[in-house]
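Please read the following explanation alongside the sequence and the coordinates.

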Amino acid sequence: MICLGIESTAHTFGVGVIDKKKHILANIRKMYVTESGGIIPIAAAKQHEQHADALIKQALADAKLKIQDIDLIAFSQGPGLGPCLRVGMNTAKELHNNYSIPCIGVNHCIAHLEIAKALTKAKDPVLLYTSGANTQVIAFESGKYRVFGETLDNGVGNFIDGIARYLGLGFPGGPKIEEIAKKGKKYIELPYVVKGMDVSFGGLQTNIKHKIDKQEFKIEDLMFSMQETVFAMLLEVAERALFHCEKKELVIGGGVACNKRLQEMCEEMCRENKFRFYCPNRPFLIDNGVMIAWLGINMATKNAKLNEFSIHPYERTDDVDVYWAR
Ligand code: AMP
Ligand code: MG
């Protein structure tokens, strides 16, 4: 079975092709970026619309396939920005109408987890999912992927991007902040907000903006301290979830997981606790079509409902019936 996956939850329109034996045949994307920072959902959706056909064509060319060779089309159904999700769904629907290819809608967060499992040796991991809009600690427990901890407000990526925007660094800000943070040396005390198993970034954002305004600290030191603080918060929750669920493997996913300092801290925590840490390669950490296609294959081989064209912008990880994983 060969599946073409379409990712379009937010800033990235990604197209990936993978077969049942995990051969990755194509993985391309076009990302919406801005100088001023932030995502305007309608503007991102418009860009996706403009590039969708060309990206599908290019992915098929990369895979050396014709559209008729595709057995299944998967699209991200949610959670995400409504206008962006709609472009992905409509692209899938058009291919379905024109070529009668079966289609399946999948959950984006679970796709991150399944692709991490597929591409690493992790079998039953805890996922620390750190992306722009989402920040969750997810694990399989009692027949479902359950959320053991999450952000109470912003996703960690959006939080970092908000600070980057304040500093005039554009979108996405995460990689730029990482470079600045590397030059920092002095740790500046910042609010550390873990409430039970959840984290929150709102107060921290205000605090850091005040510190930027006052100009009393070097930006390098402030960004270094910000990374150290928020990553420690995420690691605390992930570590507790690992013990609570009695699991031994940690995987990471989402754009913020590309951050080398976060990867290093994950490695360290796992080494200390004798857990195993797995980190997929960058193209599979960030939003990508391959993970959507891979989850589509998993679901379709277990009698999934096909050709239901709807989007679920607010779908929660634990709402999904994961019949294929049981
Ligand atoms: P996603 O929503 O999973 O595609 O991830 C996008 C988010 O990841 C954006 O908020 C980026 O700023 C953030 N991001 C990407 N690379 C890095 C990095 N090296 N360090 C921190 N954040 C990053
Ligand atoms: Mg994502």
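**From the cavity lining to the sheet**

The residues that line the largest cavity comprise six nonpolar, four polar and two charged ones. The model under discussion is a predicted one. A search of the whole structure returns one cavity of 30 Å³ or more, and the volume of the largest cavity is about 50 Å³. Its lining includes Leu128, Thr135, Gln136 and Val137, as well as Gly149, Glu150 and Thr151. Met197, Asp198, Val199, Leu234 and Val237 also belong to the lining of this cavity. Which element gives the most to it? Strand β7 does, with three residues. At least two residues each come from β7 (135-141), β8 (144-150), β10 (198-199) and α7 (219-245).

Domain 1 is made of two segments, 2-112 and 284-325, while domain 2 covers 122-279. Between the C-alpha centres of domain 1 and domain 2 the distance is 26 Å. Domain 1 brings 24 residues to the contact, and domain 2 brings 24 residues as well.

The sheet may be considered next. In general, the strands of a sheet pair through backbone hydrogen bonds, in either a parallel or an antiparallel manner. Here, five strands make up an open sheet with mixed pairing, in the order β3-β2-β1-β4-β5. Its edges are formed by β3 (24-31) and β5 (103-107), each of which pairs on one side only. On average, neighbouring strands of this sheet are turned by 20 degrees against each other, direction ignored. Seven bridges join β2 (residues 12-19) to β3 in the antiparallel sense. Threonine 12 has methionine 31, in β3, as its bridge partner.

Two helices pack on this sheet. Helix α3 (residues 108-119) touches β1 (2-7), β3, β4 (72-78) and β5, and its direction makes about 90 degrees with that of β5. Helix α10 (residues 289-300) touches β1, β2, β3, β4 and β5, and its direction makes about 50 degrees with that of β2.

Strand β5 also has a part in a pocket. The second largest pocket has a volume of about 370 Å³. Its lining contains 20 residues, of which Gln77, Gly105, Met299, Glu308 and Tyr323 are the closest to the pocket centre. With five residues, β5 gives the most to this lining. Classified by type, the residues that line the second largest pocket are eight nonpolar, seven polar and five charged.

Where do the cis peptide bonds described here occur? One runs from glycine 78 to proline 79, with omega near -5 degrees. Proline 79 is located in the loop between β4 and α2 (82-99). Another cis peptide bond leads from phenylalanine 171 to proline 172, likewise with omega near -5 degrees. Proline 172 is part of the loop between α4 (156-166) and α5 (174-182). Lysine 64, although not a glycine, has a positive phi of about 55 degrees. This lysine 64 belongs to the loop between α1 (41-63) and β4.

How values were computed: Residues numbered from 1 in each chain as written. Chains lettered and ligands numbered in written order. Predicted model: local features only at pLDDT ≥ 70, side-chain atom pairs only at ≥ 80, totals over all residues. Heavy atoms only, no water. Pairing = 2+ DSSP bridges. Helix = DSSP H or I, 4+ residues; strand = E, 2+ residues; numbered from the N terminus. Axes fitted to C-alpha atoms, helices over the stretch in contact; angles between N-to-C directions. Contact = heavy atoms within 4.5 Å. 1 Å grid on protein atoms, 1.4 Å probe; cavity = no way out; pocket = protein on both sides within 12 Å on 5 of 7 lines; lining within 4 Å. Points joined across faces, edges and corners; volume = space filled by probe spheres on them. Nonpolar A, V, L, I, M, F, W, Y, C, P; charged D, E, K, R; others polar. Domains from an automatic or database assignment.
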